[in-house]
Amino acid sequence: MKVLVADKFEKSGINGLKAAGCEVLYEPDLKDDTLVEAIRKSGAEVLVVRSTTVTAPMLEAGMLSLVVRAGAGYNTIDVAAASRHGIYVSNCPGKNAIAVAELAFALLLALDRRIPDNVAELRAGSWNKKEYSKARGLFGRTLGLLGYGNIGQEMARRAHAFGMPIVVWSRRFVTGRDAVERAPVPMSLAPSPEAVAERADVLSVHLALTAETRGLVNAAVLGRLKPGSYFINTARAEVVDQGALETVVRERNIRAALDVFAGEPAAAAGEFKDAIVSLPNVYGTHHIGASTDQAQEAIAAETVRIVSTYKDTGKVPNVVNLARKTPATHMLVVRHHDRPGVLAHVLEHLRGGNINVQEMENVIFEGAQAAVARINLDGAPIEALLSTIRKGNNDILDLHLVRI
C-alpha cells in the first residue's frame with residue numbers, strides 16, 4: 001500500500017508505516033496544486049496530513065481511498081467531497097488531549113499571575129513587585145467548560161486538582177449520550193452555554209468546530225461573564241464571535257488567553273496581525289496546543305494503527321464519514337446453502353427490480369455448510385420478485401422481508 005505523507009510527521013511514524021509493509025512517500029512541503037499533482041502521479045492510496053488543507057481537486061486527482069488527519073479535528077478536509085468519491089476520512093481523537101489541556105491550564109495560570117507581563121518587565125530592566133503581587137488565585141474559583149470531550153475531561157481533572165469547582169455544558173449530556181454521574185471528577189451541569197458563563201470565574205472552550213458550534217460563543221454567552229473573569233480558547237477561533245470577545249475584553253475587564261485565531265498564517269512562520277492580540281488583557285500563543293513531543297508521538301502511533309488496520313483488514317478505525325443511518329427501509333434475510341452463485345442470483349434479481357442494496361452481510365453457520373445473508377434495501381421488493389428469487393435457486397432454504 002502506497003502512503004503519501006504531505007506534512008511534517010514523526011520519524012517513528014514513518015518507520016512504523018514502513019514496518020507495516022507500506023511504501024511511504026514523505027513530502028512534507030506539498031500544498032495546493034503541487035499536492036494535487038503529487039497525488040495524481042504517485043498513485044498513492046493513503047494520504048496523511050496534519051494542518052494541510054485537503055480539497056476536492058486533491059480527492060479527485062488519483063487513487064486515494066483513505067485520508068488520515070494526524071490530529072484531533074478534520075475541518076481542514078473536504079469531507080463531503082471525500083464521501084462522494086467513497087474515500088474514508090479518519091483522524092486521531094484524544095491523542096493530543098493532555099497536551100492541549102496542559103496549555104489551557106498554563107494559560108489560566110498565566111492570566112491569574114500575569115506571567116508574560118512579569119517576564120516582559122524584568123527583561124526590560126524594571127522591578128515591579130507591588131503591581132504583580134496582585135493575583136486572585138484559582139482555589140475555589142469556578143471553572144466553566146464548554147465541551148466535555150477528551151480535552152475537556154483532561155481540563156476538568158487538572159482543575160479539580162487545583163480545588164476548582166467545575167460547571168459544564170456539553171452536547172453529550174444534552175443528548176443523554178453521557179451522564180454527569182459517570183464523570184471522573186465532581187462537577188455540575190448547566191442547561192446552556194449562557195448559564196455556564198454566568199456561573200464561571202473562568203470560561204474555557206473545548207468545542208469541535210461544526211455547523212452547530214460555529215459562532216456558538218457569542219455576545220449572549222460572553223455578556224454573562226462577571227467583570228474581571230478569565231476566558232480561554234484552545235479549540236477553534238471560529239467557535240467564538242471575535243467581535244463580541246473584543247467588546248467584553250475592552251468593556252468588562254475580561255482577561256483572555258487564545259491559542260487559535262481566525263486569520264492564522266498558512267505557513268509555520270510569517271507575518272501575523274490580529275487586533276485582539278494588541279489588547280493589554282489578552283495573551284496569545286501560536287496554535288501550539290497539540291505541539292508536544294508526547295502528543296506527536298502518540299498521534300504518529302495512532303496514524304500507523306489506522307493505516308495498518310486498513311491495509312490488513314479493510315476496516316478503518318476512527319472513520320468520520322460513514323452514514324449513521326442509510327436510506328434502507330427493509331432487510332431481506334436469506335438462509336441458504338453456502339455455495340457459489342446464491343448471492344449473485346439474489347442480487348441480480350434485486351437489480352432487475354430496481355432495488356438498491358445499502359448494506360449486506362453474510363454470516364456462516366458452524367461447519368460452513370449453510371449461511372444467512374442480511375441485505376438492507378432502499379425499498380420493498382414486490383411479492384412476485386421475492387417468489388422468483390426464492391424459487392429460482394435450489395440452494396435458497398428460506399427468505400423473508402423485514403421492515404427496518
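The following legends describe close-up views of a predicted model.

In this predicted model, local features require a pLDDT of at least 70 and side-chain atom pairs count only at pLDDT 80 or more, while totals for chains, interfaces and linings use all residues. Residues are numbered from 1 along each chain as its sequence is written, and side-chain values use heavy atoms, with hydrogens and water left out.

**View 1. Overall chain.** The chain holds 15 helices and 16 strands. Both kinds of element are DSSP runs numbered from the N terminus, namely helices (H or I, at least four residues) and strands (E, at least two). Taken along the principal axes, the C-alpha atoms fill a box of roughly 95 × 50 × 35 Å. Of the 404 residues, 45% count as buried. Here, buried denotes under 20% relative accessible area, exposed over 50%, and partly exposed in between, with a 1.4 Å probe and protein chains only.

**View 2. Strand β10 and its two neighbours.** Strand β10 spans residues 230-233. Its partner β9 (residues 202-205) pairs with β10 in the parallel sense over 4 bridges, and β10 also pairs in the parallel sense with β11 (residues 255-258) over 4 bridges. Two strands are taken to pair if DSSP finds at least two bridges between them. Residue I232 of β10 is the bridge partner of S204, and the bridge partner of I232 in β11 is A257.

**View 3. The largest nonpolar core.** This core contains 30 residues, of which L146, L203, V205, V217, L222, F231 and L245 touch the most other members. At least two core residues come from each of β7 (166-169), α10 (193-199), β9, α11 (219-222), α12 and β11. Helix α12 gives the largest share, 4 residues. A nonpolar core is a set of buried Ala, Val, Leu, Ile, Met, Phe, Trp, Tyr and Cys residues joined through side-chain atoms within 4.5 Å.

**View 4. Antiparallel pairing around β13.** Strand β13 (residues 330-337) runs antiparallel to β15 (residues 370-377), and 8 bridges join them. In β15, A370 is the bridge partner of H337. Strand β13 is also joined by 7 bridges to β16 (residues 396-403), again in the antiparallel sense. In β16, L401 is the bridge partner of L332.

View 5. F9 lies in the loop between β1 (2-5) and α1 (11-19). F9 counts as buried because its relative accessibility is 10%. The C-alpha atoms of F9 and I299 are separated by 9.3 Å, although the two residues are 290 residues apart along the chain.

**View 6. A nonpolar surface patch.** L109, I115, V119 and F162 form a nonpolar patch on the surface, with about 290 Å² of accessible area together. Accessible areas come from the Shrake-Rupley method with a 1.4 Å probe, and for residues only the protein chains shown count as cover. Patches are made of residues with over 30% relative accessible area and no salt bridge; like charges are joined within 9 Å, and nonpolar side chains (Val, Leu, Ile, Met, Phe, Trp, Tyr) within 5 Å. I115 belongs to helix α6 (residues 115-123) and is partly exposed because its relative accessible area is 40%.

**View 7. Salt bridges.** A salt bridge is a side-chain nitrogen of Lys or Arg within 4 Å of a carboxyl oxygen of Asp or Glu, and the count by this rule comes to 15. In helix α8 (residues 150-161), E154 and R157 lie 3 residues apart, about one turn of the helix, and they form a salt bridge with the closest N and O atoms 3.3 Å apart. E154 is buried at a relative accessible area of 15%, whereas R157 is partly exposed at 35%. A salt bridge also links E131 with K134, the closest N and O atoms being 3.4 Å apart; E131 is partly exposed at 26% relative accessibility. In the salt bridge of K311 with D312, the closest N and O atoms are 3.5 Å apart. K311 counts as partly exposed at 32% relative accessibility, and D312 as exposed at 57%. Salt bridges that share partners join E37, R40 and K41 into one network.
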